[in-house]
Amino acid sequence: MDVVSHMAQADRAEVLSDWFEAYHRQVFRYLLRLVADHETAADLLQDTFLRALVTLNPAQPPSHPSAWLYRIATNLALNTLRRRRRWRWLSFQTDAVAAGFEESVVQSQLIRACLAQLRPKEAETLLLYEYVGLTSVEIAALTGEKPSTVRVRLSRASARFCRLYDQESQQ
Amino acid sequence: MNCNDVQQYLAVRTELSWVQEQEVQEHLRKCAACNARWQVISRSRQTLRALPTPAAQPNDHALSAIRLALRQRFGPSRRRLGMVGGVFASLTFIGVLLLMLWFVQPEQATVRPVVPDNIEPVASVVPTSELPDMPLNNVVTVLVLGRDEGGRTDSVMLVRFDRRNEHVTIVSLPRSLWVTYPNGEAGRLDAAYLVSGDQGGVFAKATVSKLLDTPVDYFILLDFAIFEAVVDLVGGVTIDVPTVLDDPRYPTSNNGITHLHFDAGPQHMDGKRALMYVRTRHADDEFQRNLRQQQVIKALFERLQQQPLPQQLVRVNDYIDMLKGNVQTDMPQDVMLDVGQAALVLQSDDIQFYTVDTTMLVGLELPATFELKPDALDALMQQFP
């Protein structure tokens, strides 16, 4: 490894460490909300920052680090939800503990199951908008798209989510 | 504004300017399709909000692991299986090793192999004479069950001896892992031994074999008492305690508690003391405890190797008393001899310990406990090719 790229990597680790201290609490809460399991959320938190470490370009750092980190976290969490769905591991006792009562557990699992079935891009946009609280313009800046593209997708994602939720809750 | 515009604005209604909002309202008054879309968007929003927002924080453990990973600039591929010993790793492994050493008959040794009636055989043991005449496998997989005072198999480990590569892999499995038994029922892993009475070992073997999709050749069931006895038999171990250990609530065997204290620095420990050293939990955390266990295993292993085997086997009656009633196995004697001989040339670096930790598990609905994540299961199965 030459000196330049070595330094670049040291910089990356430094920058990521700072961001970790600044954002890990909120990102963890977000991940926990999605996956409902402490251990998995902690795992995903680590994966988020390691993924960020690898993909961060020091020459072009993201203009909004937290939004950028949330996007990585979102996709990792969605992967987990999809995998669980594939393996039909939809019930978690930890969820019952987190929620405290049965009814809400069922609903939470339904929500997660539906999110897992959305198209990846749609799910990502929906989560960034609804849970992270980014605006359509911010999401567009993050993904390099036009705001109108993001809004159209968001509208469709909501409709699809609703349809899935109705289907799943009738089963 | 056409329907397409309205429908995209409806998705971000709070972002709209006053003028845009007026236009949207105007359109909604006469367009059923867009009204329907608005209904759906509101409902999905309402539903999504129902997902509870936990106030929890990651534990310090997880945080320090991530900080460390970032500092050391690890790549994204993280090793799922940590090199740490399970609670019983030391006692069971040493028990196995001892058992094997016991059956080894080196040229200069004056002792003979113990006849099997010192060990409770299970029904399925095939006498060596009836075994087909075939070369022994290069790889022998043994399920080691460590049983505590209460009779539960608190420790479940799969040990893989690879004689050709002179390598031993030991994987500790969580005792409360939710598994499917060979009879189709489901339950905890540590209950597998209890489910079928005197065939417990064979049953547990089949359970683990099914779980990891790997053949398990033999089982060995050991009692807790062995660890203490082994340490005493080798004359104790010398351990360099890195920092002061203080546990005011160490549980004693008669359900009481006692105050346990270790000063920092090198010290000699007898069996009882060494057992306390690896079992204490309140003095520090689990991570440290795993390191302590590794430390003692290594010390014991090296100690066993320092002394010539005949000296090890001098106190024959001690060995017999210790093994009596404390060990059950279905491993034929010639296999023990064979594996034991192979074990003699091992260095402590040839032994790798793995354990399943919580990051590799996924919770299940009560009364089930948890099972292995698919990638964790893959990683485990790779240890048993």
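Biologist: Between which two elements of chain B is Asp213(B) found?

Modeller: This is a predicted model, in which local features need pLDDT of at least 70 and side-chain atom pairs count only at pLDDT 80 or more, while totals for chains, interfaces and linings use all residues. Residues are numbered from 1 along each chain as its sequence is written, chains are lettered from A and ligands numbered from 1 in the order in which they are written, and side-chain values use heavy atoms, with hydrogens and water left out. Helices (H or I, at least four residues) and strands (E, at least two) are DSSP runs, numbered from the N terminus. On that basis, Asp213(B) sits in the loop between α7 (200–212) and β7 (218–223).

Biologist: Is Asp213(B) buried or exposed?

Modeller: A residue is called buried under 20% relative accessible area, exposed over 50% and partly exposed in between, using a 1.4 Å probe and protein chains only. With a relative accessible area of 62%, Asp213(B) is therefore exposed.

Biologist: Ala36(A) also has a positive phi without being a glycine; what is its relative accessible area?

Modeller: The phi of Ala36(A) is about 65°, and the residue is placed in the loop between α1 (3–35) and α2 (38–55) of chain A. Ala36(A) is buried, because its relative accessible area is 5%.

Biologist: How many helices and strands are there in chain A?

Modeller: From the N terminus on, the elements of chain A run α-α-α-α-α-α-α-α. Of the 171 residues in chain A, 53% are buried. The count for chain A is eight helices and zero strands.

Biologist: What is the secondary structure count of chain B?

Modeller: Chain B has 385 residues, 49% of them buried. Contact here means heavy atoms within 4.5 Å, and among contacts in chain B between residues at least 6 apart in sequence, 67% join residues at least 24 apart. The secondary structure of chain B comes to 14 helices and 15 strands.

Biologist: How wide an arc around the axis do the buried residues of α3(B) cover?

Modeller: The buried residues of α3(B) are Cys34(B), Arg37(B), Ile41(B), Ser44(B), Arg45(B), Thr47(B) and Leu48(B). They lie on the same side of α3(B) because their arc around the axis is only 165°, the arc being that of the directions from the helix axis to the C-beta atoms.

Biologist: At what angle do the axes of helix α8 (residues 147–170) of chain A and helix α1 (residues 3–10) of chain B cross?

Modeller: Axes are lines fitted to C-alpha atoms, for helices over the stretch in contact, and angles run from 0 to 180 degrees between N-to-C directions. The axes of α8(A) and α1(B) come within 7 Å and cross at roughly 80°. That makes the two helices roughly perpendicular, since angles under 35 degrees count as roughly parallel, over 145 as roughly antiparallel, 65 to 115 as roughly perpendicular and the rest as oblique. The crossing angle is thus roughly 80°.

Biologist: Which residues of α1(B) does α8(A) meet?

Modeller: From α8(A), the residues taking part are Ser148(A), Arg151(A), Val152(A) and Ser155(A). Their partners in α1(B) are Gln7(B), Gln8(B) and Tyr9(B).

Biologist: How far is Val237(B) from Arg303(B) in space, C-alpha to C-alpha?

Modeller: Val237(B) is in strand β8 (residues 237–241) of chain B and is buried, with a relative accessible area of 0%. Leaving aside neighbours within four places in sequence, its contacts include Val231(B), Met269(B) and Leu300(B). Although Val237(B) and Arg303(B) are 66 residues apart in sequence, their C-alpha atoms are separated by 7.2 Å.
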